[in-house]
Amino acid sequence: ISALPVSIMPVQPMPESSLLSPLVDIVGPRNALTDPADMAPYLREWRDLYQGETPLVLRPGTREEVSAILAHADRTGLKIVPQGGNTGLVGGQIPNDSAREIVLSLGRLNRIREVDAQGYTMTVEAGCTLQAIHDAADEVERLFPLTLGSQGSCQIGGNIATNAGGTAVLAYGNTRDLVLGLEVVLPDGRVVEGLRGLRKDNTGYDLKQLFIGSEGTLGVITAAVLKLYPRPRAQDVAFVGLASPGDALELFTRARARAGAMLTGFELMPRVGLEFSVRHLTGARDPLQAPSPWYVLMELSSGTEGEDGENPTRTLMETILGEAYEAGLVEDAALAESVAQAAAFWHLRHGMSEVQREEGGSIKHDVSVPVASVPAFLSEAIAAVEKMVPDCRPVPFGHMGDGNIHFNVSQPVGADKAAFLARWDEMNELVHGIVLKFGGSISAEHGIGRLKRDLLGEVKSPVEMDLMRRIKAAFDPNNTLNPGRVL
Ligand code: FAD
């Protein structure tokens with residue numbers, strides 16, 4: 001079925017209540033939501049781009065319940081949509097609007113099973129929020145580096161299912177690089193018992209990597225063994241004003257050459273994005289005296305404290321910025337003088353996704369290009385969208401150190417939101433064309449979901465598409481999990 005174009009997929013009938021009642025028995029009536037008001041938060045995502053219908057939201061509390069649910073669904077033709085914190089940005093976690101898909105919410109599987117400070121691992125259930133994992137690591141002076149603006153709500157199962165990126169990829173890699181083992185329930189109810197914390201294990205195909213980034217289409221992740229790192233002992237954050245993305249690239253090149261692995265964050269923001277953040281985030285203010293067209297948030301971290309009271313990251317940060325200033329790359333810079341100030345700088349950056357909602361319609365592109373091409377890509381893409389919609393407000397921001405830019409475009413001030421958003425596909429096509437010209441990717445870190453499914457065939461070769469369909473068919477022959485997502 002998954003190989004068929006959506007338009008000719010057989011229409012599924014509404015599930016009958018006799019098919020649903022065994023599911024209610026598995027989790028108990030309190031954890032089988034049917035009341036529209038109780039189900040509502042599971043049926044829409046925060047930007048209102050996706051809104052769905054379902055006859056049932058299931059909230060299992062054990063892996064055995066997940067297994068029983070999937071086995072029943074697979075046997076009877078029911079369709080299941082796994083959901084974590086519902087912060088995904090490509091619509092994969094929202095059921096479609098035909099009321100034929102059942103939501104499987106993993107939030108009750110939220111135990112931290114084990115923290116092994118000596119072995120630098122943590123075993124967690126899928127429904128733990130990313131913030132809870134950070135806090136548990138911090139308690140034993142360890143670091144779990146995955147860092148996202150949504151970390152108070154998103155869950156590790158969702159992070160793994162989407163191979164989330166975030167602001168620490170530069171130093172620690174994507175989620176894929178942070179997972180040692182997985183426990184996964186297959187669509188037919190069988191369990192892959194892979195909770196191994198080994199650093200080295202070359203025993204055949206690394207199956208866990210197939211589940212990571214599969215967006216809930218191959219199995220339901222119920223638990224994971226995560227990699228921990230030493231908690232940095234010194235850290236410095238600078239907020240830097242610059243004239244252009246070209247200067248930001250030069251600063252990045254110099255900072256990386258000087259700081260090596262100590263460079264743990266390098267985020268780009270345009271002036272308009274900072275203005276949005278200052279306008280809409282409570283207590284936010286511009287860290288610099290005079291405006292600059294572009295900003296970089298740069299973070300250095302060190303695992304060791306300096307000697308004689310010297311702070312190794314502060315000394316290095318001052319050297320990098322001093323040299324960049326001399327070279328005319330930096331217009332102004334502020335160094336955080338406290339942990340609270342560093343958090344305030346990061347808040348400006350992390351809040352940049354949500355504040356765009358306050359400025360009307362926003363057309364999104366989560367794209368990547370080779371790092372060295374970021375300035376040329378930005379200049380071409382900004383010119384193209386401004387030609388297409390005069391007075392639109394491009395807000396390209398994000399993980400410059402990874403070449404990953406959230407090329408978002410806000411509507412012109414006072415324009416009709418619906419009319420602007422009606423041009424979503426047209427603008428996507430324009431921007432994606434430029435991305436591909438630079439050898440980039442049309443989905444850097446948010447995944448494919450429903451939003452980009454129909455574009456996948458345009459960017460993957462027929463051989464790659466064939467292999468992906470075969471993998472889906474091998475793991476989920478009845479198309480039980482997340483039908484119509486990714487493929
Ligand atoms: P959900 O949204 O609930 O689900 C996402 C997908 O995973 C769906 O396809 C769902 O079916 C599947 N899924 C969820 N749980 C499971 C499971 N246990 N087993 C199998 N499949 C499952 N993303 C980044 O990569 N980098 C960022 O910097 C970033 N910043 C963000 C900032 C904000 C303000 C917001 C709102 C989102 C941001 N995101 C970012 C996107 C989002 O937070 C991530 O994709 C996150 O990993 C999703 O986790 P979740 O628990 O909310 O998953």
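Residues are counted from 1 along each chain, in the order in which its sequence is written. Because the model is predicted, local features need pLDDT of at least 70 and side-chain atom pairs count only at pLDDT 80 or more, while totals for chains, interfaces and linings use all residues.

The chain is divided into domain 1 (6–108 + 465–475), domain 2 (112–230), domain 3 (234–353) and domain 4 (360–445), with bounds that come from an automatic or database domain assignment. Taken over C-alpha atoms, the centres of domain 1 and domain 3 are separated by 43 Å. An unreviewed UniProt entry lists residues 50–231 as "domain: FAD-binding PCMH-type"; UniProt positions follow the numbering used here, feature names are shortened, and annotations may be inferred rather than shown by experiment. Over residues 50–231, the chain is 21% helix and 25% strand, with 38 Å between the end C-alpha atoms. Helices (H or I, at least four residues) and strands (E, at least two) are DSSP runs, numbered from the N terminus.

Two bridges link β1 to strand β2 (residues 57–58) in the antiparallel sense, and Leu 33 has Val 57 as its bridge partner in β2.

Next comes an open sheet of five strands, ordered β5-β6-β10-β8-β9 with antiparallel pairing. Its edges are β5 (112–116) and β9 (191–194), each with a single partner strand, so one side of each is left without a neighbour in the sheet. From one strand to the next, the twist averages 15 degrees. Strand β6 (residues 121–125) runs antiparallel to strand β10 (residues 220–227), joined by five bridges; Val 124 is partnered by Ala 224 in β10. Helix α4 (residues 130–139) packs on the sheet, touching β5 and β6, and its direction makes about 145 degrees with that of β6. Helix α3 (residues 63–76) lies across β8 (179–185), β9 and β10, running at about 50 degrees to β8. Contact requires C-beta atoms, placed from the backbone, to lie within 7 Å; axes are lines fitted to C-alpha atoms, for helices over the stretch in contact, and angles run from 0 to 180 degrees between N-to-C directions.

Which residues come nearest to the ligand? Of the 37 residues around the ligand, these are Gly 84, Gly 88, Gly 92, Gly 157 and Gly 158, where near means a C-beta atom, placed from the backbone, within 6 Å. Two or more residues of the shell come from each of β3 (79–83), α5 (156–161), β10 and α12 (352–355), and α5 gives the largest share, four residues.

Key
Pairing = 2+ DSSP bridges. Contact = placed C-beta atoms within 7 Å.
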